[in-house]
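Hi,

Here's the structure I promised to pass on. Have a look at it, then read on for what turned up.

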Amino acid sequence: MSNGPLPSVRCLLSSLPTKHVGDKVRFLGCVTGYSTQSATLSLQHEYPRGNKTKANVDVALLLQNLKAEQTDIGQWIHVIGYITSIKQALLKANVVPHTASVGVQALVLWVAEDLDIQSYENALVSETE
């Protein structure tokens with residue numbers, strides 16, 4: 001039995017709503033916004049196509065070392081953190097979630113350099129099959 005921290009589970013941003021509050025996750029997302037008032041990054045990754053899940057990543061614990069490039073709109077970043085909330089909005093016509101918003105408390109984040117997004121997506125999909 002180990003007393004160290006639990007490992008993170010690597011997943012697609014689109015699968016975050018299937019996790020539970022308190023789960024430690026690692027995922028990739030594209031910066032779509034940054035609020036300096038709340039120290040929150042908004043991340044999305046439209047995979048599979050049409051997916052509208054958004055991760056609202058609280059970076060307050062990282063402010064001392066956060067670099068401007070990590071908050072640039074369009075920048076792809078990796079995040080390791082804990083899920084703090086999951087909200088889903090349903091379409092009235094069906095039961096499929098239309099949008100989901102997942103809160104994450106970031107422990108670590110870094111820029112995804114030399115990223116081949118299609119290979120990343122394929123690798124994660126084959127891991128879960």
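First, a term: a disulfide here is a pair of cysteine sulfur atoms within 2.5 Å. This is a predicted model, so local features need pLDDT of at least 70 and side-chain atom pairs count only at pLDDT 80 or more, while totals for chains, interfaces and linings use all residues. Residues are numbered from 1 along each chain as its sequence is written, and side-chain values use heavy atoms, leaving out hydrogens and water.

So, the cysteines. Searching the whole structure gives zero disulfides. Cys11 is buried at 5% relative accessibility, and Cys30 is buried at 15% (buried means under 20% relative accessible area, with a 1.4 Å probe and protein chains only).

Next, the strands (DSSP runs of E, at least two residues, numbered from the N terminus). Strand 3 (residues 40-44) pairs with strand 4 in the antiparallel sense over five bridges; pairing takes at least two DSSP bridges. Leu41 stands opposite Val57 in strand 4.

Last, helix 1 (residues 117-128); helices are DSSP runs of H or I, at least four residues. In helix 1, Tyr120, Glu121 and Leu124 are buried. They cover an arc of only 95° around the axis, so they lie on the same side of helix 1; that arc is taken from the directions from the helix axis to the C-beta atoms.

Cheers

Technical notes: Buried < 20%, exposed > 50% of the residue type's maximum accessible area, 1.4 Å probe, protein only.
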